[in-house]
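Welcome to my notebook. I wrote these entries while looking around a structure that was new to me.

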Amino acid sequence: MAMETAGPTVPADAPDPVPPGGADRLVGDLGWLLAQAHFSLGSEIAAAFSGLGVSPRGFRVLEAALSGRWRQSDLGEQLNIDKTTMGVTVDELERSGLAERRPAPDDRRARVIAVTPLGETKVTEGRAIVDRVQTAVLDSLPEPQRTAFLESLASLVRTRLAQPLAGCTPPVRQKEPRAQR
């Protein structure tokens, strides 16, 4: 007998994520399915991170920077975080004592992101949270579907969806201008 895993509670009156009349069309739409899954999983992980003292994005930066060899710009490119957002994220990590900018050994103008011991602790705690949430989500699928889903998605990401099309870049995220008073 399989044990049920506790996931987020969904109110009985919560709307169906698939709009009425659009279910057949959307359930076959890979882009919509991936976007919906990304948003829902990201929301669940963000909620689980609420007491950790680091955002999921900050966690990803810390986790990627653990080697201590990554320049801020290289980390941003690797994680698909634009330059401005990456700067703000590293500023937050520095203020929290989780990371430091240090001169790159081969170019003193460039900065390498170094994770502090407190940052390493947060990475360990964050990894446990991510693993717990992902396990709970995947446990909602029967084992054969779970394995096939992960293998298929990994195959797509390693091959056909490994890189965006040439010339296509994600939009730069900018703050909206303040309203004039």
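This is a predicted model: local features need pLDDT of at least 70, side-chain atom pairs count only at pLDDT 80 or more; totals for chains, interfaces and linings use all residues.

Residues are numbered from 1 along each chain as its sequence is written, and side-chain values use heavy atoms, leaving out hydrogens and water.

I placed Ile129 in helix H6; helices (H or I, at least four residues) and strands (E, at least two) are DSSP runs numbered from the N terminus. Which residues does Ile129 touch, not counting residues up to four places away in sequence? I found Ala48, Phe49 and Leu52, with contact meaning heavy atoms within 4.5 Å. The C-alpha atoms of Ile129 and Ile45 are separated by 7.5 Å, though the two are 84 residues apart along the chain.

Next I turned to helix H3 (residues 56-65), where Gly58, Phe59, Val61, Leu62, Ala64 and Ala65 are buried. I saw that these buried residues pack against several elements, including H2, H6, E1 and E2.

Then came the strands. E1 (residues 99-104) and E2 (residues 107-115) pair in the antiparallel sense over six bridges; pairing needs at least two DSSP bridges between two strands. They form a hairpin with two residues between them, and I traced Arg101 to its bridge partner Ile113 in E2.

Last, I checked Leu156 in helix H7, and this residue is partly exposed because its relative accessible area is 32%.

How values were computed: Buried means under 20% relative accessible area, exposed over 50%, partly exposed in between (1.4 Å probe, protein chains only).
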